[in-house]
Amino acid sequence: QQPLELTRKILRDKQNKKNSGQPIPVFPSWVYERPALIGDFLIGTSLSTDTTVPIGTLPLASQESMIVEDLLYVLIGVDGRYITAQALVGRQNRAFSLDPNLDLSIKELVTRILPVAASYSAVTRFIEEKSSFEYGQVNHALAAAMRTLIKEYMILITQLEHLQRQGLLSLQKLWFYIQPTMRTLEILASLATSVDKGECMGGSTLSLLHDKTFNYTGDSQAQELCLYLTKAASVPYFEILEKWIYRGIINDPYSEFMVEEHELQKEKIQEDYNDKYWDQRYTVVQQQIPSFLQKMADKILSTGKYLNVVRECGRDVTCPVAKEVIYTLKERAYVEQIEKAYNYASKVLLDFLMEEKELVAHLRSIKHYFLMDQGDFFVHFMDLTEEELKKPVDDIITTRLEALLELALRMSTANTDPFKDDLKIDLMPHDLITQLLRVLAIETKQEKAIISAEPTELTLSGLEAFSFDYIVKWPLSLIINRKALTRYQMLFRHMFYCKHVERQLCNVWISNKTAKQFSLHSAKWFAGAFTLRQRMLNFVQNIQYYMMFEVMEPTWHILEKNLKLASNIDDVLSHHTSFLDNCLKDCMLTNPELLKIFSKLMSVCVMFTNCMQRFTQSMKLDGEMERLTLEHGTMLGPPTEEERAEEAAKKKLTNKLLAEHADNLHLTSGFEATINKFDSNFSTHLLDLLDKLSVYSTNDCEHSMLNIIYRLDFNGFYTERLEHMSAERSQKAPPLLPRL
């Protein structure tokens, strides 16, 4: 008894943990403490008070009538005088002991009839055990169906007893009448043993019943019996299934259904990078899938999930094609019903997201800002925030940036975007390279090393940490989840930084124009710097054009086309994910090697612009000093006290600035060498990038990356050196062995 109590307790604890608010009911303890209620043999308590006459002393006819009476008792689970049940050992079948003095001919017939009693004993025990609440509704239904059959069996025994009382029942007749029942009880007992042995519940019980039904294909009577039991047992399971596929509700107190619900908050979608909601809120439990629904499991899961999303938005949904699902050996019947429910659910959710929630319009809005689609908005925004973003991250006031963003949105064509208020500002804790390397290292050997690495000592500037964020409400957050937004942010930060470098290079061009008037004698030195600046500008602009017009625009058009053709939300999710993945891959953001070279190139450009700005500033200071040392007075006469004070302040400021830039004036002498160093660094990294791109485009069939080479090397300027590098590489490669 102990193991059964323990099993029930384990099941009860598991189910109560799942249904915390609603504990499952329990039978009172006396149900288990009174063995006489079970209907099975009571071992060790002899109910008979009669003094038993030794059977061997009786004549054969008397022996037979005594044994027939005994058998009628034994067949309903009560010990007889001469036939007694033995105690059970483990899960074995019930065994019986016969009086050894019994006549051999009678004994032979009795041993043929006793398996019926053994089967009855097994079935009765099964019915009693599985009727406990803990074993679930499918087992309850199976036990109830078996109880109906046992009732029929009891009626048969009652009729036989009636005959026996009239003196019309011989042992041979009993054997004849019991024949049809024998097979039925044998099948019931084998089913009971299999369910017990497999500890089956819910879907696994139905799988076992279905497989048994199929195995009896040649035996129509046995198949009919199994079909009756399976139909009865499947009713509660199909009720749960119908609720799920027609309304998107799970009502499964005993954890029997193939779909399991987990407590996840949909609000977390906005914050959680791993986006567990859609994949993990509802999951399929493999062992609870009935074998006849195995092929449809994914569709059943999706159908309920789709309806559930619409329900959580406050819309009541009921499938108009809802019909009762009934068990049958023909699988086509279920397939058609589930297909209809699936088509309805996917259409309802898709229409809801596309039309009512305007998914495509939201994606277009995100594209405007994250993929830098709105040119005039970005010019306004970068002009307004330039000074603020130069500061270190810790000194930036986010509310000020938010106000400037609001201003830029109102002043540009972005003002017509109905979702512009969902755009927010986010200052990241890492620069883009660190963020990308962390994401790329997920599930690789380097993951721990990168995560446990010390944060960079350098404080980030606003520009390096700056990114946009976007407020997405449920249910759109299923598609535009945190994972997707992070990808958008990576693309945005990459392009935003490129745009910043381009602006810096353009500023150098402007300051170069003014610097020309100061030092005409160094024009020859300037020529090298101008050329390098132009090459850098050409590189940055072409990379931007490539990303915008050869990667993002075509991929976006493919996405829009696919979204129009999508038939369900899973299609939409996969199209959106592949759009972002393709953009990241073609923008060189998924390849750490290319990424590092690219970041070095950008660093060279930024250092060059800083150097040029410092140089032109020192040139201006030279000019300023010359101007200040000219005649002090004006045409109106000697300077007034006020003018003298103003001039003294100017001189003081200039001297201070001169002191600051003394090293820069010293740098002027080595200006040509510095420019040459920048030139060689830039050229080396650029050639390295082009070389790696040509390798990836041929080896990994990343043909779109070839377009960068064509853009940057449009006039064959680098071709010769690239060919030379390729030749060197092929010389280093091990020679191929000749084929035999």
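Select Ser204 first: beyond its neighbours within four places in sequence, Ser204 is in contact with Gln287 and Gln288. The model on screen is a predicted one. Ser204 is placed in helix H7. Is Ser204 buried or exposed? Its relative accessible area is 18%, under the 20% cut-off, so Ser204 is buried.

**The H7 and H8 pair**

Next, show H7 as residues 203-215 together with H8 as residues 220-247. Two packed helices are described by the angle between their axes and by the distance between the axes. For H7 and H8 the angle is about 160° and the axes lie 9 Å apart. Angles over 145 degrees count as roughly antiparallel, so H7 is roughly antiparallel to H8. The crossing of these two helices, H7 and H8, is left-handed.

From H7, select Gly203, Leu206, Leu209, His210, Lys212 and Thr213. From H8, select Gln223, Cys226, Leu227, Leu229, Thr230, Ala233, Ser234 and Tyr237. Colour the selection by residue class: the contact of H7 with H8 has seven nonpolar, six polar and one charged residues.

**Loops on either side**

Now go to Glu199, in the loop between helix H6 (171-198) and H7. Most residues other than glycine have a negative phi. Glu199 is not a glycine, yet its phi is positive, at about 50°. Is Glu199 buried or exposed? With a relative accessibility of 63%, Glu199 counts as exposed. Then select Cys200: Cys200 is buried, at a relative accessible area of 8%.

The loop between H8 and strand E3 (259-261) holds Ser255. Ser255 is another stop for a backbone torsion: its phi is near 55°, a positive value in a residue other than glycine.

**Cysteines**

Select Cys583 and Cys587. Which cysteine sulfur is closest to that of Cys583? The closest one is in Cys587, at 6.0 Å, too far for a bond. Cys583 is buried, with a relative accessible area of 0%. Across the structure, the number of disulfides is zero.

**Leu595 and its partners**

Move to helix H21 (residues 592-628), where Leu595 is placed. The relative accessibility of Leu595 is 3%, so Leu595 counts as buried. Which residues is Leu595 in contact with, leaving aside its neighbours within four places in sequence? They are Ile433, Leu436, Met588 and Leu589. Draw a distance from Leu595 to Ile433: C-alpha to C-alpha, the two are 7.6 Å apart in space, while 162 residues separate them in sequence.

**The whole chain**

Finally, zoom out and switch to a cartoon. The protein chain has 26 helices and six strands. Colour by accessibility next: of the 740 residues in the protein chain, 44% are buried.

Technical notes: Residues numbered from 1 in each chain as written. Predicted model: local features only at pLDDT ≥ 70, side-chain atom pairs only at ≥ 80, totals over all residues. Heavy atoms only, no water. Axes fitted to C-alpha atoms, helices over the stretch in contact; angles between N-to-C directions. Helix = DSSP H or I, 4+ residues; strand = E, 2+ residues; numbered from the N terminus. Parallel < 35°, antiparallel > 145°, perpendicular 65-115°, else oblique. Left-handed = near helix turned anticlockwise from the far one by under 90°. Contact = heavy atoms within 4.5 Å. Nonpolar A, V, L, I, M, F, W, Y, C, P; charged D, E, K, R; others polar. Disulfide = S-S within 2.5 Å. Buried < 20%, exposed > 50% of the residue type's maximum accessible area, 1.4 Å probe, protein only.
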